[in-house]
Amino acid sequence: MSVLQQTFRRSTRYLPMSVILLILAVLAVLPIGMLIYASIIDVVPRPGSTGGALTREWYSNIANRAYLVAGRNSMVIAIGGTSLALLFGTGLAWIGARTDVPGKSIVALAGIVPLFVSSLVGALAWSFLGSPNQGFLNILLRPIGLDVINVYSIPGIIFVFGLYYAPYSFLLVYSALSLMNPELEESAHTHGATNFTVMRIVTLPLVAPAIIGGGLLTFALILENFSVPTVLGTPAGVNTLPTFIYRLMNAAPPDANQAAAVGALLMALLVVIVFVQRKVLSRREYTTVAGKGFRPRVVTLGRWRWAGFAFAATYIFLAVVLPLMALLQMAFRNNLYIAGAAELFDPSAFGLDTMIDVLTYSSFQTGITNSVVVAVSAALLGVVFCFAMAFTVARSKLPGRQVIEYLAMVPVAVPAIVMGMGILWAWFLLPLPIYGTLAILVFAYIGRFMPQGFTSIAASIRQVHTDLEESAVVSGASKTRSSLEVTVPLIRSSVIAAMLLLLILSFRELSVALFLFTTDTRVLSIVIFDFWNGGSLGRAAAASLLYSALLTVIVLAARRWMGVKQAG
Amino acid sequence: MTSTAAHEAPVAGEDAVAEIEIRNLTMKYGDTVAVNDLDLDMNSGEMLVLLGPSGCGKTSTMRSIVGLETPSQGVIRIAGKTMFDSAKGVSVPPDKRGIGMVFQSYAIWPHKTVFQNVAFPLRMQRLPRTEIRERTEEMLETVGLKDEGSRGASLLSGGQMQRVALARSLVMRPRVLLLDEPLSNLDAKLRDRLRFELKDIQQQIGVTSVYVTHDQSEALALADRVAVMREGEVMQLGEPMSLYDRPQTRFVADFLGVTNLFPGQVASSDGGVNTVRLDGCDTEVAAVADRPAGAEVSVCVRPDAVTIDDPAAPRSGGNRFSGVVHASSFLGTHVRYRIDVDDAVSFDVVTFSRRKIFARGDTVTVSVDPADVRLLSE
Ligand SMILES: Nc1ncnc2c1ncn2[C@@H]1O[C@H](COP(=O)(O)OP(=O)(O)OP(=O)(O)O)[C@@H](O)[C@H]1O
Ligand SMILES: [Mg+2]
């Protein structure tokens, strides 16, 4: 009996872990496996088929000029975009955390607002503002002969990336600057260093890891971004690796194996960057002395206060105000052809036609429903799954629990568009016919965002002393009971924050869904993308406004639970 | 020793089954052996103190008893019921063992009130609501927190938290109570007071208790019996006074705060008296012991067994050394001296007499009765 009992106990002990590993295999391992597999065989992956002979063809094709140009564009754009984003991000962080600039809290808010504008919407808005000839800015500047703005270009793409990816380095640097022990700087000051010297020899070295880490993160995100180079690069024939992958998949017939090979290469690049980024950020712990009760040292800017304010205001103007005005123009104009600057301000040119059209458009309505259903399900299921993983890793003593941690973090290094491809092929193999349903999107979003969910929940569980749970167990509660009575209530607000984060990220996401939707399962971001793709710019603008308004409502409702640091 | 006669009664019953029985217990963290082949028997109602340096496996022993760690080997029985047996594959989960435990950090749940904290174990037993209320309130009264029930537990002081933790571990009327350094987070004054309170409550309830500490004065003050541990093993087990008076090893003597410990070699053995030559000097000490000549030993003398006198005082038998007062400190109830006898040997002396106070630099005579000298192995 005891042997039976023991076997039973052992198998139930491992049951939760086996379920978690199985889900991880479906969410992360299988898609990546399929991607790599597709890149080395000579037949296209199809439902039920895994045959094919090995080939090197897809990789050797990459030496072709077109790929090399796309690769070079990707690098140039990523480097340029990262530099600009770092300039905006660290600049705002310093001004917001360490100076006596007027309206400091607004500066801090400015640093994160663009996080909640999807890069698709940002790129669309800037295409309305800065396209050659018809761009609003060019129309406005034509009378003075300065109508030379062209965002349909590599510099244009870099500029838009710089604007919308600044918040990532802002968040990291802002927290490093505000958590730094002011005594470190004050002691340099009392030993005779000037403000500038203190900054150079104390402050800068201490925040360097945050700047470098933020830079690498931004670099990785820009490198895998699909929507900005698509919207702004397509008119000028500028390709990057992600847009190239999309082009290959959408060719007739699709060149899926070739896309897989390019995707695998892009993923390899990302793996290296993410690895270096983690190394840099893990050293952050002992460089910025984190602690409570510090009042960060404030630099008095004097006459330069207003220059600091102007910097922040300019950023907000470029990243939020101008794009919003452009979307409003496009969404509420009756006639999209604009002859001159005066027409931009002519009230008779405006009306509600486009807006009403979009609101009554059936695919927009299904898009909203689908987005809400998918984002809410992904957030709820995702947070439960992330909690289960985090709890197992942080609290169980089961051998192999570290594997969960590694697998949960894998998607960080997988480009969204590549992940979408892998998921598509993975579900060809799996016995559940969920392709063409919203369920596959829910799976994709959970897979894509589980690193963020896992990290934040695991961090909060680790802050709960194990004694608190064990004393419940000793008092007669089962393990599950103790985690429900003690752990969950103690980390409730972090779990809610993680759930809202997943909700917002899922709602915002475009790339991972690109190959996974069908006519009936289009989400809002796809609907907007299709409007743009089909040339319905007014509708795209109107839908973008509604989309952003929805996101803003979610963020505002979520603000209560989400600290600045959780927003990334 | 302060334990009452009534309390010792069950201990005396020779054939009574031990309340806690631990056999061949071995527990490992990976390759680190935290508890090494440990045997321990505890009688009903007694308080056993596990004493030992940091990392010697006290907490691990306790966690094995309560079931939070799974030993790799051994048997644990409580009141005759097998809780763990590696050979038979028996391991009762901690929530079914019914053992009370006070954690070093107290582990008070900050999101519950004092009452909810204490009532938790009863809720887990699915007792009727009225009974939970009655027993919880009774328990809160016992620990002196009658009026604090509705307070949030995160607002309590250290001492109050300690009481809540104690109440929570006792409310389910466990047969066995485990306390892991329950006073170590408190300041010295509070620690002294709570120590006696704790002992009072334990005796009043009569619960068999294991108390972990690395503070030897706490151990001696509280225990019915003390087990001195080292590297996962029990070095010596006994009542506090016998342990202090008759340590068997240098480690135990050192850990219990016996300060006069000198390594040496038995020079001669004659009719139950050994003469030991101390290492690194010519000083010889006589001891009532029976070791073979040439044996390596440690000479151990309690500081209160040493007397000091003027060199001119009349001589009595035994060990007499001439020395110089190196330091003297007045500690209220007693005076403590450090007397240099020669380059390698200096005695720590405690005297309660104020008849004559010596000052630094005074020449004195130090004497020790050979019967008070113990020879210890390592
Ligand atoms: N979770 C763990 N993982 C690995 N080794 C551990 C763990 N907990 C304890 N150990 C090791 O096991 C040994 C015994 O530890 P234990 O906590 O039982 O000591 P202790 O006597 O309670 O010490 P202290 O007085 O410091 O609390 C030590 O060597 C310790 O380093
Ligand atoms: Mg311990």
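Reader: How many salt bridges are there between chain A and chain B?

Author: The count is 3 salt bridges between chain A and chain B. Keep in mind that this is a predicted model.

Reader: OK, which side chain does B:Arg123 meet in a salt bridge?

Author: That would be A:Glu485, at 2.4 Å, N to O.

Reader: And which helices of chain A each supply at least two residues to the side that touches chain B?

Author: They are α1 (2-40), α21 (466-474) and α22 (479-490). With 7 residues, α21(A) gives the most to that side. By class, the side of chain A that touches chain B has 8 nonpolar, 7 polar and 6 charged residues.

Reader: How much area is buried between chain A and chain B?

Author: About 1,900 Å², and carbon and sulfur atoms give 58% of that. In chain A, the residues losing the most area to chain B are A:Val474, A:Ser475 and A:Glu485, together 29% of what that side buries.

Reader: Switching topic: how is chain B divided into domains?

Author: Domain 1 covers 18-98 + 174-250, and domain 2 covers 258-376. Their C-alpha centres lie 35 Å apart.

Reader: What do those two domains of chain B bury between them?

Author: About 720 Å², 56% of it on carbon and sulfur atoms. On the domain 1 side, B:Tyr244, B:Pro247 and B:Arg250 lose the most area to domain 2, together 71% of what that side buries.

Reader: Which side chains meet in a salt bridge there?

Author: B:Arg302 and B:Asp245, at 3.8 Å, N to O.

Note on methods:
Residues are numbered from 1 along each chain as its sequence is written. Chains are lettered from A and ligands numbered from 1 in the order in which they are written. This is a predicted model: local features need pLDDT of at least 70, side-chain atom pairs count only at pLDDT 80 or more; totals for chains, interfaces and linings use all residues. Side-chain values use heavy atoms; hydrogens and water are left out. Domain bounds come from an automatic or database domain assignment. Buried area is the accessible area (1.4 Å probe) that two parts lose on being put together, summed over both. A salt bridge is a side-chain nitrogen of Lys or Arg within 4 Å of a carboxyl oxygen of Asp or Glu. Helices (H or I, at least four residues) and strands (E, at least two) are DSSP runs, numbered from the N terminus. Ala, Val, Leu, Ile, Met, Phe, Trp, Tyr, Cys and Pro count as nonpolar, Asp, Glu, Lys and Arg as charged, and the others, Gly among them, as polar.
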